[in-house]
Amino acid sequence: MEAADPSGKELASILYVKEPTAWERTIVVAGLPFSLFNDQLLAIFVKSHFQDIKNEGGDVEDVIYPTRTKGVAYVIFKERKVAENVVRQKKQRLAKKAGNAQLTVSHLSEKVFNSVKALLDLSVFRSQIVLERLVTDLKKKIPMLHFSPLEPSGKIHVEGSFLAMKRLNESLLLKSTHLLQRNRKIMNEGEKWKRQSPQRSLQKSANSVTTLGTLVPKSARGGEMLVLDTDVFLYLKQKCRCYETTLNRFHIQTQERVDGELTTLYLKNAHADSQPSNTWHVKELIEEWSQGLHLELRKEMFHLGGMGSREKRNIQWACEKVHSRYRKVLINFYRTHIDIIGSSSDTYLFKKEVMKLVGQKVS
């Protein structure tokens with residue numbers, strides 16, 4: 001992934017994609033073999049692939065690549081029907097000369113699971129390290145993330161891919177655990193040097209341990225922890241039977257902490273005599289499932305802002321009616337919007353049918 005801002009061409013292209021008639025003709029292509037070919041050659045391969053009628057393709061108006069996410073391109077067709085036909089194809093593979101890579105293709109939606117925003121509160125580290133130095137280190141370790149200027153309160157806005165955000169969360173937890181261990185060591189050795197050190201220094205260390213401890217819940221210290229995209233986790237929990245079945249089979253208790261678009265999941269053995277390796281095994285399974293869903297799932301959205309109560313009820317009724325034909329789609333109702341989560345083709349067709357049923361275009 002590139003940490004730098006996109007070029008002027010990419011910005012102009014993205015603005016163009018957002019025009020009402022263009023996004024309907026645009027698909028998102030993920031899984032490009034970026035490590036094997038340069039950007040220019042990949043763009044040529046992509047255009048050639050999707051112009052081939054054997055792949056249900058047609059006339060391509062433009063290919064946007066590179067983008068902020070390596071291996072992901074936007075393809076704009078001249079006709080909306082071609083984009084719809086391409087998305088319906090379950091499997092797409094590039095030619096052998098292009099690495100024979102398997103592609104994930106989806107319609108350009110309100111949200112594709114490749115961008116996450118978060119507001120971090122780093123003030124808990126203030127007593128231990130210089131926050132500006134911490135941010136600088138994080139930028140070096142995870143260059144694909146975009147950081148806003150650090151606020152005086154210690155808060156900072158971060159944006160990037162889900163996988164990069166997951167790495168950020170793990171880095172901060174690792175940092176907090178390291179500082180906890182260091183402070184505990186200092187406290188344990190306090191009796192040896194308290195004559196040379198003021199008592200208030202020990203008190204300060206004790207306070208720091210308490211503050212940093214809030215980042216690592218007790219359930220995480222006795223088991224396993226993993227970070228998931230919130231929408232992916234909700235789909236896994238509500239639509240995939242394997243999730244609950246596996247937890248019951250291995251007698252695993254869970255604790256969830258939702259922070260906007262990220263959910264931290266803590267796993268712990270329900271019985272004291274359970275195998276310690278059970279939590280690790282279940283963590284591995286959940287990570288494997290979530291990675292698969294991360295590539296497969298897409299989200300459409302109905303914005304309800306500015307609508308009257310009757311209009312909102314009509315859209316909700318239409319969603320529930322159409323849902324009977326799309327059982328693999330997850331619907332989440334909120335006060336300001338409705339999320340439709342599922343496969344690329346299911347979510348696109350689901351929204352299209354709802355719009356037709358209510359007799360109006362819903363953005």
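User: Does K351 count as buried or exposed, and at what relative accessibility?

Analyst: This is a predicted model, in which local features need pLDDT of at least 70 and side-chain atom pairs count only at pLDDT 80 or more, while totals for chains, interfaces and linings use all residues. Residues are numbered from 1 along each chain as its sequence is written, and side-chain values use heavy atoms, with hydrogens and water left out. K351 counts as buried (under 20% relative accessible area, with exposed over 50% and partly exposed in between, using a 1.4 Å probe and protein chains only), because its relative accessibility is 5%.

User: Which residue does K351 meet in a salt bridge?

Analyst: A salt bridge here is a side-chain nitrogen of Lys or Arg within 4 Å of a carboxyl oxygen of Asp or Glu, and the N to O distance for this pair is 3.6 Å. The partner lies in strand 13 (residues 297-303) and K351 in helix 14, so the pair ties together parts that are 51 residues apart in sequence; helices (H or I, at least four residues) and strands (E, at least two) are DSSP runs, numbered from the N terminus.

User: Which residue forms a salt bridge with E84?

Analyst: The closest N and O atoms of the pair are 3.4 Å apart. E84 lies in helix 4 (residues 80-88) and its partner in helix 14 (residues 344-358), 268 residues apart.
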